[in-house]
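Visitor: I would like to learn how to read an interface between two chains. Could you take me through one, a feature at a time?

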Amino acid sequence: MVSITLLIPEIYRKTTLKVNILCIFFCLFCTCPAISFAFDHIKTPGGENNVVDYTPVQGYLRPLKLRRDTLFEYTCNECHRVFDSDGNKKHTIFEHTDVKLHHGKTTICLSCHHKTNRNVYVTNDGQEIPSDKPEELCSQCHGTTYRDWKVGTHGRANGYWNSKEKGWYLLTCIECHNPHNPAFPKLVPMSGPVNTGRHVKKGTH
Amino acid sequence: MSDKTTGNTTGTDNFPQENNESVKREMFKPLSRRSFMKAGALGALMIGGTATALLPLRNFKNDTSLENFFQQHYERLTPERMERILKRIEREIKERHGVDANVQDPKPIADVQFAYALNISRCIGCRRCVHACVEENNQSRNPEIQYIRVLEMPAGTFDVEKSDHYYSHETVPAEGKYYMPVQCQQCENPSCVKACPVSATWKDKDGIVVIDYDWCIGCRYCEAACPYWARRFNFAEPNIPKEQINPDMAYLGNRIRKKGTMEKCTFCLGRTRKGLLPKCAEACPAGARQFGNLLDPESVIRHILREKRVYVLKEEMGTRPKFYYWFDT
């Protein structure tokens, strides 16, 4: 700003060339940013005064609840003591008609459910597995998955990163997988980054 | 030529020094009206120019306070000063956003080096992790910032140049693709830390690379230095709907930032330094993410490094990332 005084001839005549150039340089140094500040409110994308349109953020999937939550108050045996049911079929006729068995090569109900005691599951040689330990049943066929699950490499991470922390837990198999149709359905992907079109088209790198 | 000079009444040559009388007359000539008007106009221009240059200072009160302006670097703050700063931040957030925040400063846990493992056989590209992170870390919604970028790769190659991150199919996973989410790798030898000219970012004791948002000058050198594009810049003042603000904040982590600072994934240090999991690991519906302590030989991370097929991105850059990709099927 002081260098503007250079425009007055009386002062200009008294300065040397070097001083003139230095003054003009400093003059530009201040005025150029000053001019750009005046245009700031136009340059800033989505500036402070713009009306905002918030991108809707969707919720995320939670694991399926325990199958047991959907049963009535009475245990399985109370019906199955009275009603005879041939578990050697894949589909039911009167009850449990909502159960559609799509579990790989499993063809019959009795592969997992005990023949006479319907409150428990069954091992490959007919032993009973209590109903709160479904992993003992699943591990008979899915041994490698069971091994991974025990260590923490299969399944959702829960709560704490330190397995020795009080309150750390592992979700049991059927808390995520529906045992009758264990494969997860495909999900709809949530929104990704905004494609402004400024970047090169994919495949042309 | 000297004879025709207008201001020189005595008609002498080019060297006024040789004639003292005329020099004195020149220098001490009374101020003419013309010179006065010139000076006045130029003076006005001068003042106008300075005023325009100082225009941004109008927003000083809104953007920051004097206390914030003179705030010291995080590593030089005493605990008492930190207390005052946290209270001030809570007050500012209440004023600006109307939310009762709880801003803390959790310190690193001893004997812990955090590491992340991601199973690319399980990732389905649903982006639930991306949005859980956005909600947890109070990232700007408009313009949208997402720390995690999920790359859709064609099966059979590791070449990231063939990836697509703008995918939006009806359902995922798409046929013949696999998915690789990329976020800050919290490198052992971070390039961003080396690039920062003001040391606003550094590798903390538990391995997390942190940023002091108040010290950052917003030059974006770190963004240029990072081989994984992990760092995001706030080009505008962050816009977060009030009901989506996460009130549990950490000074070095997920507190609401200002325009002109860098931010990035911090492995949710406000959660992980208290024993919890990062939000992305909790949100993944496919169970693809594992998090733990590298120094604990019984942790899931160590198990993965021992037993599984593990790789890291851009190994040749020498950054030694602590984000391990693995696969089993």
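Guide: Let us begin with polar contacts: a polar contact is a pair of N or O atoms within 3.5 Å, and within protein one of the two must be able to donate a hydrogen and the other to accept it. Bear in mind as we go that this is a predicted model.

Visitor: How many residue pairs are in polar contact between chain B and chain A?

Guide: Between chain B and chain A the count is 12 residue pairs in polar contact, with both residues at pLDDT 80 or more. On the side of chain B that touches chain A, at least two residues each come from α1 (20-27), α2 (33-53), α6 (128-136), α10 (279-283), β10 (289-293) and α11 (300-307) of chain B, and α2(B) gives the most, with 10 residues. The residues of that side divide into 30 nonpolar, 20 polar and 21 charged.

Visitor: How many salt bridges are there between chain B and chain A?

Guide: A salt bridge pairs a side-chain nitrogen of Lys or Arg with a carboxyl oxygen of Asp or Glu within 4 Å. The count between chain B and chain A is three, and Glu298(B) forms a salt bridge with Lys164(A), where the closest N and O atoms are 3.7 Å apart.

Visitor: What is the area buried between the two chains?

Guide: The area buried between chain B and chain A is about 5300 Å², and carbon and sulfur atoms give 60% of that area. In terms of contacts, 71 residues of chain B meet 53 residues of chain A.

Visitor: How is chain B divided into domains?

Guide: Chain B is divided into domain 1 (2-55) and domain 2 (114-327), and the C-alpha centres of these two domains of chain B lie 65 Å apart.

Conventions. Residues numbered from 1 in each chain as written. Chains lettered and ligands numbered in written order. Predicted model: local features only at pLDDT ≥ 70, side-chain atom pairs only at ≥ 80, totals over all residues. Heavy atoms only, no water. Contact = heavy atoms within 4.5 Å. Buried area = accessible area lost by both parts, 1.4 Å probe. Polar contact = N/O pair within 3.5 Å; in protein donor to acceptor, adjacent residues only side chain to side chain. Helix = DSSP H or I, 4+ residues; strand = E, 2+ residues; numbered from the N terminus. Nonpolar A, V, L, I, M, F, W, Y, C, P; charged D, E, K, R; others polar. Domains from an automatic or database assignment.
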